[in-house]
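New notebook page. I want to go through this chain and jot down what I look up.

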Amino acid sequence: MLQKTLSKSNTELSFEDFKAEVLNDYKIAKISRECSLLGRREVLTGKAKFGIFGDGKEVPQLAMAKAFKKGDFRSGYYRDQTFMMAIGELTAQQFFAGLYAHTNIELEPMSAGRQMGGHFATHSLNEDGSWKNLTQQYNSSSDISPTAGQMPRLLGLAQASKIYRNEKSVQNKTNFSNQGNEVAWGTIGNASTSEGLFFETINAAGVLQVPMVMNVWDDEYGISVHAKHQTTKENISEILKGFQRDDKNNGYEIFVVNGWDYVQLIDVYNKASKIAREEHVPVLIHVKELTQPQGHSTSGSHERYKDKERLQWEKEHDCITKMRKWILEFELETESDDILRFVDSEEDILLLEKEAKKIVTTAKRNAWNAFNNEIKEEAVVAVKLLERVASKSKNSVFIDKLKTDLEKLVEPIRKDILIATRKALRYISDEDFSEKTELQKFIKATIKDAAHKYSSFLHSENNESALNVVENKPSYSQNKNLVDARIVMRDNFDAILNKHPEVVIFGEDAGYIGDVNQGLEGLQEKYGDIRISDTGIREATIIGQGIGLAMRGLRPIAEIQYLDYLLYALQIMSDDLATLHYRSFGKQKAPLIIRTRGHRLEGIWHAGSPMGGIINNVRGMHVLVPRNMTKAAGFYNTLLQADEPALVIECLNGYRLKEELPTNLGDFKTPIGLTETIKEGKDITIVSYGSTLRIVEETAKELLQVGIDAEIIDAQSLLPFDLNHDCVKSLAKTNKLLIVDEDVPGGASAYILQEILEKQNGYEYLDSKPATLTSKAHRPAYGTDGDYFSKPSAEDIFEKVYEIMHESNPTKFKSLY
């Protein structure tokens, strides 16, 4: 008997079982390698658009898979195909379906063709959008391409285990955690450790002491650039030695291992898993001496930047070559002097390799046929329809050519089908016969079907959509209870934390002092420092914490102190959070709420209004701009009834203003996507939001003194905007439009203008040119005067409205200048 050292448990294993496990691992490695080799050929022959593969990283990924348990999460990069195969979450046919971008989620379960190959995910959600039991499956968070972009999310995936282990209020959520025993596994290439997101995450995980195992696959290159240009000392584990824990200080456990050493790799991964899982200590595994046999990707050849010596070294140190050699040479003498071997001769391993190649060849063929035949069937329908149309049209010659050209295509794509049918429609625009109607229906149906294939699931499409949450207005006591607005926020968060045990709130200054504006005052003392916690100054990983926690069933509210600081995290919001539901074809979600504050603050770096940049980068999230704290609190209550990510921007200068304290705290809800008319009028429609709205309200009183009755609409929600089209209803009455905000020209005001004029057809009701009034193109200068001359003032608004009215009625409204 042999002590089992190469498997997932510590129980004893017979040699035959041990042998079967080793040979099965080798077979998986060979299948993965053959997928990489054949995948590159498929790209170079034009069947796939781009390829980036995991060749050269197979053996360490086998070892990682052995330590990976159900309930664990992976947050990796685009070379982990062997790992996914080893845990049973990726077949060779699915690999090629991803390469071809097959839009069938059953055949291409990673993203239904929305991501390039090499981007892996498992399904966290049922068909109705509800959560699966994540503890009963292997989990991979949906990959993204931006290098190191997977790191912030990894932090939250790991922190969730710590919360589930230590916070009593959520220990009944057994579908998401088994007493916090889950490990979050990260993977990254050595060159991408140069990114700031890597270092920010490494530091944060060390501070938080979360069960995270960070794997660095080191092949000495980043695309064509050698490690000497990437990393100090050319060695990431060497420069991170200061993170190594010791008897006096928390930190990391750090392992360094060669990527071709199968036995040593498995030993290291078992140790790393045990440390992270049991002690909740983060681990760094630096896997060295890896290779990249086909270079970085199909966009180039590594022979261009590696010399002959390096190429020869890579050939000799290829991890599969090394594993093969070890299998052939392995011998074990038993107590009875018998010699145990994995294979009797090289012929045994050749047969295994031949079988692996056959599996991959068959999988490639089946994946291509499934992908191509589906489109061919659609093309056949289109060809027959074009033939019938041509038989009735006076332009049959032109339509016949379109039909013939489509028919000749051996491997058509959907684009070809629509080009032919849509062009044919042009030739029969002035004709009328039943086949034309059929063609129109075919085109519309194809486009509708394509919308589902390529554009669905940007937002939740189930009953938990935020748009399904019905408004519930605040209620008030008979005796008016006016308080500082921050009290409304604080007491509503108190109600939220009491009502929703899965809610955790964290950010810079959010914990001990109760945030800089005291909206969380006293809540850490009441609910503990797990549910209300401080973080370091690290905006990207604050958002990353929120994404990972939300993906594991918690309801995080991540606080970014000021809106301008959100720019540090905008890439994570844009590339990861906003796209998650879309890129996973609705199979993963992260209902993270991001809390921040802005508007009407002074100075270049604290102006608080980069709204245009934000709303155009985070499509897939809701962006909410409440005018006061009661409205903001209502948004939080709404979002916690929904399952979508959102950004809530509170008015920075509103915390000390007086508001009436509602009696139904935690229950009243502000609707998402609806505007509110806060003053009716007949002469002009003014649309604004946030703190600027208060200036508009003040100005409206002055406008009344000169005979101008303005209607004021609070946008409230920018993404989405005015779903009931109340703005155009107002324009039908006033016939004039002014949009006021403090973003730069062409920012959020231009977005609102487009929404009203194009989506709502508001242009039909205008009798004068619509106008926007924004801040200057620069960021605001510091000081009160800097604010006055940089952003729209009450005088600016008055004069702009007056100018519009002067154009309409110059006799009544004489020119001011």
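Helices here are DSSP runs of H or I with at least four residues, strands are runs of E with at least two, and both are numbered from the N terminus. I'm working with a predicted model, where local features need pLDDT of at least 70, side-chain atom pairs count only at pLDDT 80 or more, and totals for chains, interfaces and linings use all residues. Residues are numbered from 1 along each chain as its sequence is written, and side-chain values use heavy atoms, with hydrogens and water left out.

Entry: domains. I find domain 1 (36-329), domain 2 (373-455), domain 3 (466-660) and domain 4 (676-808) in the protein chain; such bounds come from an automatic or database domain assignment. Taken over C-alpha atoms, the centres of domain 2 and domain 4 are 46 Å apart.

Entry: Most residues other than glycine have a negative phi, and most peptide bonds are trans.

I looked up Phe 457 in the loop between helix 14 (434-455) and strand 11 (482-484). Its phi is positive, near 65 degrees, and it isn't a glycine. Is Phe 457 buried or exposed? Phe 457 is buried, because its relative accessibility is 17%; buried means under 20% relative accessible area, exposed over 50%, partly exposed in between (1.4 Å probe, protein chains only).

Next I went to the loop between strand 22 (717-719) and helix 23 (726-734), where Pro 720 lies. The peptide bond from Leu 719 to Pro 720 is cis, with omega near -5 degrees. Asp 722 is in the loop between strand 22 and helix 23 too. Asp 722, not a glycine, has a positive phi of about 45 degrees. I noted Asp 722 as buried, because its relative accessibility is 1%.
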